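Here is a friendly walk through one protein model, written to be read with the structure open beside it. Please have a look at the structure below before reading on.

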Amino acid sequence: MSTRHDRLFAALRPFSFIATATAVLVSSVTLAEANPHILVDVQTGRVLEHEEAFRKWYPASLTKLMTVYTVFDAIRSGQISLDTPVVMSKRAAAAPPAKMGFKPGQKFTLDSALKILMVKSANDIAVAVAEAVGGTQEGFVVRMNAEAAKLGMTDSHFVNPNGLPGKGQYTTARDLAILTVALRRDFPQYAGYFSLEGFTTGKQNVPNINMLIGRFAGADGMKTGFICASGFNQIGSATRNGRTLVSVVLGTDSLAARADATANLLQKGFTTQFTANDTLGSLKPYGPGQDQVTDITADICSAKGAKVRSETRDEVGRMKVQSPYIHEMDHEPQFVFAGLIPGQDPQPVAQNDKTARGDAVEALANVPVPLPRPASF
């Protein structure tokens, strides 16, 4: 294994700790050979660290960041507002979980829709929003790709607004970093949507599936995603002392691994002096995987992958995180309202069928259980 590859896993693999020692041990559990990642300083655009940043990858529900960027642009142009009612269509209601399960004809505001997209990653809501802004899902996807091209996302293409498996849908770690930095730069007034701890429909409380929110110092976004072909992906952002960093981690083997990898990479960004001078604009394409989309289904959705994931759960099924930088939430989650416009039929229970593909594996009970910490941390 190359020295470069060793550095990748030293930076990204989950850490385990011995309670009586201060040493950090690197876990040897790895599934996919490729784990693209990138770390960027938002204010300067400087790329602090990267690996396989131009390898084509399935975006899964990270796609929804492109969806919300396109929505924010429509708000900026005056086409739509946060108070605009969004109607659940039959097509949207038929989307597979994770979903809210609203009935065709039911209405909710665009504001509620954005909260649900960022907290729960609901696929039915993404389609309904696309139809509200683009007239049709297909029309909205055309706008998504146009916005991506304007941002300089030269190695991305979208075929739907939710990230469910679809032929021709791909991106790269570098392109996702461009998108995330653009969201922070172009629409700072909407930053609060990415740091929500959860929402309530009035009958059900739904916590954020991003395990860094409220548990990693300075965490303020952004999004998680999963399909079999992509593995477990996460875009993280955090701000400390006025400095914001964005990380993209693709292709990890479990919910816990992506949270650990994201936390470790962001922490490294805040505590390490980097000498790299490349920016997102100056970084030149390199490495393998630029001509076809990587598919790691055989590693992820297999008996081998299931065994790895089972080892990241405790005896009651809660997620065990190993990064020393993720802590238990020190307060009750704050839930903001996001649901149907009052006066309609009762709210359905949000659906999260684990047997479906896509972010359906993001169970609502994913409460992280940090491992014992050394006394020095």
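The report below goes from the whole chain to some of its parts.

## The chain as a whole

Please keep in mind that this is a predicted model. The chain has 377 residues, and 59% of them count as buried. Its secondary structure comes to ten helices and twelve strands.

## The disulfide

A search of the whole structure turns up one disulfide. The bond joins Cys 228 to Cys 301, with an S to S distance of 1.9 Å. The angle about the S-S bond is -85°, and the link is left-handed. Cys 228 sits in the loop between strand 9 (219-227) and strand 10 (231-240), while Cys 301 sits in the loop between helix 9 (297-300) and helix 10 (303-310), so the pair ties together parts that are 73 residues apart in sequence.

Are the two cysteines buried or exposed? Cys 228 has a relative accessible area of 12%, so this residue counts as buried, being under the 20% cut-off.

## Helix 5 against helix 6

Two packed helices are described by the angle and the distance between their axes. For helix 5 (residues 123-134) and helix 6 (residues 137-151), the axes come within 7 Å and cross at roughly 80°. That angle lies in the range of 65 to 115 degrees, so helix 5 and helix 6 count as roughly perpendicular to each other.

Which residues meet here? From helix 5 come Val 127, Ala 130, Glu 131, Val 133 and Gly 134, and from helix 6 come Gln 137, Gly 139, Phe 140 and Arg 143. By class, this contact of helix 5 with helix 6 has four nonpolar, three polar and two charged residues.

## Helix 4, a covered helix

Helix 4 spans residues 110-119 and is mostly covered, with ten of its ten residues buried. Its buried residues include Leu 110, Ala 113, Leu 114, Ile 116, Leu 117, Met 118 and Val 119. Asp 111, Ser 112 and Lys 115 are also among the buried residues of helix 4. After helix 4 comes Ser 121, with a positive phi near 65°.

## Two buried side chains with polar partners

His 37 has its place in strand 3 (residues 37-41). Its relative accessibility is 1%, so His 37 counts as buried. What does the side chain of His 37 make a polar contact with? Its partner is the side chain of Glu 49, at 3.1 Å.

Gln 106 lies in the loop between helix 3 (90-93) and strand 6 (107-109). With 5% relative accessibility, Gln 106 counts as buried. A polar atom of the Gln 106 side chain lies 2.7 Å from the backbone nitrogen of Lys 103.

## Pro 96 and its partners

Pro 96 also lies in the loop between helix 3 and strand 6. Its relative accessible area is 35%, so Pro 96 is partly exposed. Setting aside neighbours within four places in sequence, Pro 96 is in contact with Asn 123 and Leu 164.

Notes: Residues are numbered from 1 along each chain as its sequence is written. This is a predicted model: local features need pLDDT of at least 70, side-chain atom pairs count only at pLDDT 80 or more; totals for chains, interfaces and linings use all residues. Side-chain values use heavy atoms; hydrogens and water are left out. Buried means under 20% relative accessible area, exposed over 50%, partly exposed in between (1.4 Å probe, protein chains only). Helices (H or I, at least four residues) and strands (E, at least two) are DSSP runs, numbered from the N terminus. A polar contact is a pair of N or O atoms within 3.5 Å; within protein, one must be able to donate a hydrogen and the other to accept it, and residues adjacent in sequence count only if both atoms are side-chain atoms. Axes are lines fitted to C-alpha atoms, for helices over the stretch in contact, and angles run from 0 to 180 degrees between N-to-C directions. Angles under 35 degrees count as roughly parallel, over 145 as roughly antiparallel, 65 to 115 as roughly perpendicular and the rest as oblique. Contact means heavy atoms within 4.5 Å. Ala, Val, Leu, Ile, Met, Phe, Trp, Tyr, Cys and Pro count as nonpolar, Asp, Glu, Lys and Arg as charged, and the others, Gly among them, as polar. A disulfide is a pair of cysteine sulfur atoms within 2.5 Å.
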